[in-house]
Amino acid sequence: MARYLLRRLNLFLATALLMLGILFYATSLFPVEHSYALSGVRVPSLQQQAQIIEDYQLEQGELAQFIAYVQQRLGGNLGLSLTSQQPVANELASVLPASFELAIVAGLIALVLGIPLGVLASQSQHKLTQHCIMAITLTGYSIPVFWLGLLLSLWFGVRLGWLPISGQINLLYEIRPVSGFMLIDTLLSDSQYRWSAFKDVLLHLLLPAITLAVLPFTVVVRITRSAMMNVMNQTFIRAAEARGLKTSKIIVRHALPNALIPVLKHLGLMLGPFASYAIIVEMIFAWPGVGSWLISGIYQRDYTVIQGGILAVSLLIIFLNILIEVLHTVSNPLSRKELYAAN
Amino acid sequence: MSVLIKRLCLTTAVACMGCILVACGPQRVPSGLVYCSEGNPESFNPQLVTSGTTIDATSHQIYSRLVDYDAASGQIVPALATRWHMSKDGLSYYFTLRHDVQFHQTSRFMPSRPMTADDVLFSFNRIIDTQHPYHKISRTGYPFFQSISFAEQISSIEKISDDRLVFHLNHKDASFLSNLATDFAVILSAEYAEQLLAAGHPADLDQYAIGTGPFKLVQYVKNEYIRYRKHPDYWGEMPKIDMLVFDITSKSTVRLAKLITGDCSVSALPKAGELSVVQQHPDIMLESQPGLNVAFWAFNTQKAPFNDVRVRRALAHAIDKKNILRAVYQDTAVEATGILPPASWAYEHNADLIAYDPQKAKALLNEAGIENLSIDIWAMPVARIYNPNALKTAELIQSDLANIGVRVNIISYDWSVFSQKLSESNYDSVLIGWTADNSDPDNFFTPLLSCSSAHTQNNRARWCHPGLDAVLTQARTVTSRLERRYLYQQAEAILADQLPMVSLAHAKRMVLKRKNVTETQLMPFGGIAFGGIGHENGEAR
């Protein structure tokens with residue numbers, strides 16, 4: 001097992017290094033002075049200029065520059081934002097939690113609703129119910145998220161006026177960021193409007209989270225269904241049935257844990273599209289997260305923000321991908337067995 | 001099986017009930033007002049900039065001026081100065097200051113004294129004295145003041161006592177008081193400036209602003225919001241709202257959506273095409289007023305081939321203004337025949353000399369010996385009062401010019417980058433405009449087209465014409481309105497002849513607001529002011 005973990009860690013480092021290499025190369029392609037694209041200092045004093053050259057080893061060879069670049073970036077120095085002249089790391093830290101909040105809630109919606117529905121679809125004897133569920137999920141899977149987001153906001157926001165459709169909170173509530181997660185921060189704040197603010201955050205979160213959840217939700221339903229049908233035909237299920245166990249018990253205790261393993265695997269595969277969907281959803285609902293920050297950085301030709309954003313998002317995806325793979329291996333007796341055999 | 005389904009149904013039902021309960025509780029919102037603004041301010045000191053976005057966010061919210069301009073009566077009214085008089089020769093202006101005007105108190109600054117003549121001296125000396133420690137702190141200079149040659153105009157400012165001071169002028173100027181009443185001539189705190197200088201962060205003066213206005217700046221988060229609180233010791237009429245938030249929303253449709261869902265109460269710069277939505281929503285209304293503004297297409301007259309008046313004339317003849325008015329403004333604007341809008345007192349209706357005539361345009365281009373012309377048009381990425389959609393305007397011009405065989409390349413960046421790149425002055429032509437800061441007609445000419453403004457960003461045509469300058473100087477020294485009006489018509493005639501820029505339209509000034517917002521007062525010029533706004537707070541939705 002240790003060897004396996006080490007190999008995964010190795011994979012993480014190698015992929016991350018490769019990505020840093022690409023970023024490093026791309027930085028030299030930006031149509032501005034190299035030191036400016038790296039540090040983001042608009043009008044450096046002589047002292048600052050010397051510091052930048054020292055930091056990024058600009059007078060050394062390519063390899064030394066790359067090593068210095070990796071050191072700086074992984075050391076948390078992402079440079080200054082070209083437009084605001086604030087450290088990119090600080091800006092990143094202020095936008096990351098909003099994205100996490102949205103992604104976690106969307107992921108929860110997808111899992112909490114998707115798994116039971118998948119189970120239901122697999123158990124239903126009705127051809128009609130099955131077809132309906134499959135048709136709905138296929139539709140959900142094929143709807144482009146930008147269209148869905150606009151449609152939902154048009155209907156629930158503009159026509160019906162039920163839900164707010166942009167931003168994270170009504171700005172009249174003054175919430176001091178503690179954890180960065182609005183849902184938590186509103187409850188932690190000592191304002192008398194705490195509960196109203198919490199509700200407001202919840203309402204603001206609803207539409208973006210649902211929009212973002214549609215894709216993973218449909219995938220979860222479909223995978224759960226096929227995995228369940230697979231598992232339910234296995235002999236140990238029949239044995240359980242023969243022993244007279246209740247169907248619900250068989251499903252929850254014996255079938256579902258086995259069926260969830262492929263779901264987990266597919267979640268890992270889905271991270272990439274999920275992240276790009278999140279960026280689009282953030283743009284549609286003016287959600288103040290990494291996505292809209294990155295896009296506005298691109299519009300503003302803010303090279304340090306572009307680098308910082310891409311670095312953060314891709315490192316995160318690589319890390320989560322590998323984490324899910326490890327979880328998959330740990331939870332899957334079959335692959336565990338293979339590992340031991342390999343050892 | 002059935003048990004499972006039952007349980008599922010139960011869980012779903014409970015979850016739904018929870019959601020409904022959460023959604024339906026009474027929604028309590030702190031007292032305040034959210035304004036959906038269109039962009040990030042570049043600075044928090046209006047002295048340093050001319051962009052309307054920055055003026056909106058700062059001038060009437062954070063600061064006060066010596067004198068104010070009353071839009072209704074057209075008179076200069078007291079603000080921080082209670083009284084003033086001019087010496088007989090017209091070269092000295094004496095001001096008496098209001099007592100007990102308090103500066104904002106924030107976590108960064110604790111004022112030890114009320115406003116005095118020292119603060120006024122600091123605010124203006126910073127602009128006119130190149131040796132002043134704060135003069136060079138501004139990287140953008142002082143564009144408005146440079147464009148009206150403020151530093152050359154004033155010989156000295158003298159403090160008589162704590163509450164009295166005098167401005168000594170080098171020459172008579174009929175627009176001097178009007179210029180002091182503009183949104184740019186704000187009063188800063190000298191004490192705060194000293195503290196910052198001692199602490200070594202002088203640039204903070206323009207970022208973490210301290211003023212004497214109705215609201216104090218609490219927090220600014222780029223791309224997201226600016227938060228203000230009521231200034232409890234405000235010298236004027238106390239604002240009715242405790243908090244003011246500028247929700248920075250660059251997309252016009254999103255601003256409209258936020259207004260509909262109640263996330264903001266007032267929304268800036270609606271696009272003309274969105275006005276029909278207002279009729280569908282009974283709780284939203286449009287407030288509009290003929291504006292003192294002009295949208296124009298300026299040629300870089302220092303660059304070939306635009307230094308040739310025939311080329312400029314040809315391009316002017318080639319565009320169909322009526323079409324632009326229809327498509328971009330949807331008839332919420334009037335066609336411009338000169339620079340001055342109909343709302344100005346110096347305006348006189350002239351027949352448009354530059355009619356739409358592609359044949360003539362072609363002939364003029366041939367005459368100038370220009371073939372295969374390809375030009376860049378820079379189009380603002382943001383909506384402004386004078387032009388709600390510059391990109392669309394550029395596209396219309398593009399298709400018009402294609403008819404006379406001129407290729408057009410449209411260039412646009414995000415606003416901060418756009419204005420930065422524009423200041424490098426190597427553009428061919430730019431679609432931009434001007435919103436007056438006061439009702440004096442000089443405000444349309446001197447900041448935009450005089451020789452002294454040719455070095456500042458305001459003069460987008462980079463235009464310098466001695467004849468025009470002479471007329472403008474003369475118009476400033478005489479005080480009779482009739483005479484001045486005649487002179488400004490002369491100036492218009494020179495511009496119509498030389499065409500450094502093509503005026504397109506004078507737009508109406510519009511904001512959308514929810515019905516529960518009362519007593520907004522939209523002025524035909526200058527930035528938006530929230531000091532007097534009322535808001536019947538209650539249910540947010």
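The structure is a predicted model, in which local features need pLDDT of at least 70 and side-chain atom pairs count only at pLDDT 80 or more, whereas totals for chains, interfaces and linings use all residues. Residues are numbered from 1 along each chain as its sequence is written, and chains are lettered from A and ligands numbered from 1 in the order in which they are written.

Chain A is assigned domain 1 (2-74) and domain 2 (90-342), the bounds coming from an automatic or database domain assignment. The centres of domain 1 and domain 2 of chain A, taken over C-alpha atoms, lie 33 Å apart. Contact between them involves 15 residues of domain 1 and 14 residues of domain 2 of chain A; two residues are in contact if their C-beta atoms, placed from the backbone, lie within 7 Å. On the side of domain 1 of chain A that touches domain 2, helix α1 (residues 2-29) gives the most, with ten residues. Helices (H or I, at least four residues) and strands (E, at least two) are DSSP runs, numbered from the N terminus. By class, that side of domain 1 of chain A has ten nonpolar, three polar and two charged residues. Here Ala, Val, Leu, Ile, Met, Phe, Trp, Tyr, Cys and Pro count as nonpolar, Asp, Glu, Lys and Arg as charged, and the others, Gly among them, as polar.

The contact between the chains takes 31 residues from chain A and 33 residues from chain B. On the chain A side, at least two residues each are supplied by α5 (88-123), α7, α9 (194-232), α11 (247-284) and α12 (290-299). The largest share of this side, four residues, comes from α9(A). Its residues divide into 14 nonpolar, 14 polar and three charged. S153(A) is placed in helix α7 (residues 145-159) of chain A. Because S153(A) has 23 C-beta neighbours inside 10 Å, it counts as buried; a residue is buried if 20 or more other C-beta atoms, placed from the backbone, lie within 10 Å of its own, exposed if 12 or fewer, and partly exposed in between. Leaving aside neighbours within four places in sequence, S153(A) is in contact with V158(A), I165(A), L207(A) and A257(B).

Chain B has 17 helices and 20 strands. Buried residues make up 49% of chain B.

In helix α13 (residues 390-403) of chain B, the buried residues are A390(B), T393(B), A394(B), I397(B), D400(B) and L401(B). They cover an arc of only 125° around the axis, which puts them on the same side of α13(B); the arc is that of the directions from the helix axis to the C-beta atoms. On the other side of α13(B), S399(B) and A402(B) are exposed. Just after α13(B), G405(B) takes a positive phi of about 80°.

In α16(B), the buried residues are L468(B), V471(B), L472(B), A475(B) and R476(B). Seen down the axis of α16(B), these fall within an arc of 135° and so line one face of the helix. They pack against α15 (442-449) and α17 (481-498) of chain B, whereas P466(B) and G467(B), on the other side of α16(B), are exposed.
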